[in-house]
Amino acid sequence: MNASRTATLQIATPEGVSFSLPLAGPFTRAVAFFIDFVAIMAAMNVIAPILRAMQLLGGDTGVGLAILIQFVCMEGARMAMELLWRGQTLGKKVMGLRVMDESGLKLRPSQVVVRNLLRFVDMLPLFYAVGGLVSLFNSRSQRLGDLAAGTVVVRTIKTTPPDVASVLAGKYNSLRDHPHLEARLRQKVGPEEAQVALNALVRREELTPQARITLFENLATHFRELVKFPEETIHGLSDEQYVRNVVETIFRRRKGTD
Amino acid sequence: MIADLKTFIERERPVWQELERELGRVREGLASLSDLKYSRHLLALYQRASADLARIQGYSAEPELKAYLENLVGTGYAEIHSATRNSRHFKPWHWLTRTFPDTFRRQIWGFNMAVILTFVGAMLGGILVLHGNEGREAIFPSQFGHLVEQTPSQRVAREERPTEFDRMSGHKARFSAELMQNNITVSLRALAFGITFGILTVVLLFYNGVILGAVAVDYVMDGQIVFLFGWLLPHGSIEIPAILVAGQGGLVLGRALIGWGTPHSLRKRLRLITPDLATLAGGAAVMLIWAGIVEAFFSQYHAPVLPYWVKITFGTVELVGLIAFLFLCGRRAPSEPAP
């Protein structure tokens, strides 16, 4: 297991595969901390009337309880959230972060306790100066609390398998009218070129409109130069449709193949 | 190659989706890995997803699929490989009566060190007070102003003066809560300072000893030994050991960072002591809650309201009980296996 330069933590599993966890940077962590701070303050304001009522109605006992509730909320809120929400606080949820064991395993409660106990040292002397500096020089972006508890903060990314089927199926392909030209196209397009075209189609929604137009324009120009289809076949096809047809032509399952 | 990818995704997607669904159920507590048949099924799904990831890692051009499978395998790895260590739920009574004293005894060297440091500090504090009252302002922190402004005899006279009203009446609970808050904060900081290779923990324990020694010698020199024991024993018999336990945690952390006498790597050393640190911190906090209650509701009453022999007896019983608890509670019989 080691951390790469692209701020990811590589974990090798006993099954012989490795996967990477994207590590959170100091800035996103600071924003998450600020959100938590604001949320805790807001919660304290919400319960303030209850605490005041306790003090008024409960007398000395009410005052004592109010002090303890305030203390527990201020000191224990982050710890409680991380314990209950599997390494996430409100701020971490908003920022898409999660505390994890540095071996990729689930957090142990003791790790949550220790990393939060040491927060006080990380915050010294002001504005997380110690913790921030330590995490800047640490390959896993760990503050002192993380180092002691053996934890890392990772970015949680919602992923889905690429919808290749929808890219390649269900659309009319005018290039099919020319099987001999399709065969030549398959012959001339290399695997890497085809892969780039497929990835461009799969990830087209992630591109900005201008980048999408430019990318498909370049790809279509390239494929048009490789094999020239009759003008009436490709007339009116946008660059993106042309690339889609090319990709469908190349990877369409043909009879006798699997 | 890409025709393979399409077929590959179509064929494997149901497996991935099932694994994703089942991992979600495990996370939500709707399914348990203690069911052997279920856990075998989940393991098979996870291993198949792992094999798929290994296969796709050969191609550099499927970043989206690779990211998805890495995420899925990562989640599965965390759930399946953590199953054994998270199988037991937290049981507060077991933790208090077994885990805490067990941990205390396992790391007893840290406690012994904390006692020695406090004792050496106390000796220095006592010597400083013996050499004149001028240094008292420098020794006692500002919150102990009453120890500087008046002699022990003056304080005892004031405390024992008969009054019509209970001066603690109406704010005992508040005082107790403030004591708990302050003592827990200070003690946990002593533990957290262990991250400075234990140096600041040593300083804190030593300074705490200096104050303790100075106060003790000040009262002894003024002939107020009975008042001293009556005042300090009821809450101090728990509060002082609690601070020592927190200091023990700090020293354990410091030692793990330094790495004396162990062949393990830093990460391994820290991993080994993390549960002990959390336990010692929790144990110290529980002790300080009790000490806070006793200090506010009991320690502040002196003779003639509360005879000193009652207070001293109470404090002694507490101390003996604490020693018995820490050193004897939860001991296993030689034939009993370790957890």
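## Helices α4 and α13 of chain B

In this predicted model, helix α4 (residues 92-106) of chain B packs against helix α13 (residues 308-328) of chain B at an angle of about 80°, with axes 7 Å apart. Helices here are DSSP runs (H or I, at least four residues), numbered from the N terminus. Axes are lines fitted to C-alpha atoms over the stretch in contact, and angles run from 0 to 180 degrees between N-to-C directions. The two helices are therefore roughly perpendicular (65 to 115 degrees; under 35 counts as roughly parallel, over 145 as roughly antiparallel, and the rest as oblique).

From α4(B), the residues B:L96, B:T97, B:F100, B:P101, B:F104 and B:R105 meet B:F325, B:L326, B:F327 and B:L328 of α13(B), where contact means heavy atoms within 4.5 Å. By class, this contact has 8 nonpolar, 1 polar and 1 charged residues. Ala, Val, Leu, Ile, Met, Phe, Trp, Tyr, Cys and Pro count as nonpolar, Asp, Glu, Lys and Arg as charged, and the others, Gly among them, as polar.

## Helices α9 and α11 of chain B

How do α9(B) and α11(B) pack? Their axes lie 6 Å apart at an angle of about 25°, which makes α9(B) roughly parallel to α11(B). B:N183, B:S187, B:A190, B:L191 and B:A192 of α9(B) touch residues of α11(B) including B:I243, B:G249 and B:L253. The contact divides into 6 nonpolar, 4 polar and 1 charged residues.

## Helices α1 and α3 of chain A

Over in chain A, helix α1 (residues 26-84) and helix α3 (residues 109-117) pack at about 85°, with their axes 14 Å apart. They are therefore roughly perpendicular to each other. Among the contact residues are A:R78 and A:M79 of α1(A), and A:V112 and A:V113 of α3(A); by class there are 5 nonpolar, 1 polar and 4 charged.

A:E82 and A:R115 join their side chains in a salt bridge of 2.8 Å, N to O (a Lys or Arg side-chain nitrogen within 4 Å of an Asp or Glu carboxyl oxygen). This pair links α1 and α3 of chain A across 33 residues. Over all chains, the count is 22 salt bridges.

## A nonpolar surface patch

B:F197, B:I199, B:L200, B:V203, B:I258 and B:W260 form a nonpolar surface patch with about 620 Å² of accessible area together. Patch residues have over 30% relative accessible area and no salt bridge, with nonpolar side chains (Val, Leu, Ile, Met, Phe, Trp, Tyr) joined within 5 Å and like charges within 9 Å. Areas follow the Shrake-Rupley method with a 1.4 Å probe, and for residues only the protein chains shown count as cover. Helix α10 (residues 199-221) of chain B gives the largest share, 3 residues, while B:F197 sits in the loop between α9 and α10.

## Conventions

Residues are numbered from 1 along each chain as its sequence is written, and chains are lettered from A and ligands numbered from 1 in the order written. Local features need pLDDT of at least 70, side-chain atom pairs count only at pLDDT 80 or more, totals for chains, interfaces and linings use all residues, and side-chain values use heavy atoms, leaving out hydrogens and water.
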